[in-house]
Amino acid sequence: MIPRFAPGVRLHHDRARARWVIMAPERMFILDEPALEVLRLVDGARNLDAIIDALVEKFDAPRDVIAADVGAMVDDLTNRGALES
């Protein structure tokens, strides 16, 4: 699975709110820091395993914990139409 942003959806720094958001047609998702770390790696080239591996290396955390969290977030954003694979 190679996650990528759906057409018309992008990662954007909202200066008015001083935070990163996902901008989508007629909606916006406000991101927390962990979500931002994941979504910065969504480039349409890396598969989900590569994203998880990069996060495991960066945060020196158990792979199974990161995999569960990232998988749940990607599934949620896919169901909401922000990501596709």
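**View 1. D60 sits exposed in the loop between α2 and α3****.** D60 has a relative accessible area of 73%, so it counts as exposed. Exposed means over 50% relative accessible area, buried under 20%, and partly exposed in between (1.4 Å probe, protein chains only). The model is predicted: local features need pLDDT of at least 70, side-chain atom pairs count only at pLDDT 80 or more, and totals for chains, interfaces and linings use all residues. Residues are numbered from 1 along each chain as its sequence is written, and side-chain values use heavy atoms, with hydrogens and water left out. The loop that holds D60 lies between α2 and α3. Helices (H or I, at least four residues) and strands (E, at least two) are DSSP runs, numbered from the N terminus. Phi of D60 is positive, near 50 degrees, and D60 is not a glycine. Most residues other than glycine have a negative phi.

**View 2. Helix α2 crosses helix α3****.** Helix α2 covers residues 48–59 and helix α3 covers residues 63–79. Their axes come within 10 Å and cross at roughly 130 degrees. That angle makes α2 oblique to α3. Axes are lines fitted to C-alpha atoms, for helices over the stretch in contact, and angles run from 0 to 180 degrees between N-to-C directions. Angles under 35 degrees count as roughly parallel, over 145 as roughly antiparallel, 65 to 115 as roughly perpendicular, and the rest as oblique. The crossing is right-handed. In a right-handed crossing the near helix is turned clockwise from the far one by less than a right angle; anticlockwise gives left-handed.

View 3. Contact means heavy atoms within 4.5 Å. The residues of this contact divide into 8 nonpolar, no polar and 3 charged. Ala, Val, Leu, Ile, Met, Phe, Trp, Tyr, Cys and Pro count as nonpolar, Asp, Glu, Lys and Arg as charged, and the others, Gly among them, as polar.

**View 4. The largest nonpolar core has 24 residues****.** Such a core is a set of buried Ala, Val, Leu, Ile, Met, Phe, Trp, Tyr and Cys residues joined through side-chain atoms within 4.5 Å. I22, L39, V70 and L77 touch the most other members. β3 (19–24), α1 (33–39), α2 and α3 each supply at least two residues. α3 gives the most, with 5 residues. Leaving aside neighbours within four places in sequence, I22 is in contact with F5, V9, R10, R27, M28, F29, L31, L39, L77 and A82.

**View 5. V70 is buried in helix α3****.** V70 has 4% relative accessibility. V70 and I51 are 19 residues apart in sequence and 8.7 Å apart in space, C-alpha to C-alpha.

**View 6. T78 is partly exposed in helix α3****.** The relative accessible area of T78 is 28%. Its C-alpha atom is separated by 9.4 Å from that of R4, 74 residues apart along the chain.

**View 7. A82 is buried in the loop between α3 and β5****.** Strand β5 covers residues 83–84. The relative accessible area of A82 is 0%. Beyond neighbours within four places in sequence, A82 is in contact with R4, F5, A6, V9, I22, F29 and L77. A82 and W20 are 62 residues apart in sequence and 15 Å apart in space, C-alpha to C-alpha.

**View 8. R17 and A18 lie in the loop between β2 and β3****.** Strand β2 covers residues 10–14. A18 counts as exposed at 60% relative accessibility, whereas R17 counts as partly exposed at 45%. A18 is not a glycine, yet has a positive phi of about 55 degrees. R17 touches M28 and I30, not counting residues up to four places away in sequence. The C-alpha atoms of R17 and I30 are separated by 9.5 Å, and the two residues are 13 residues apart along the chain.
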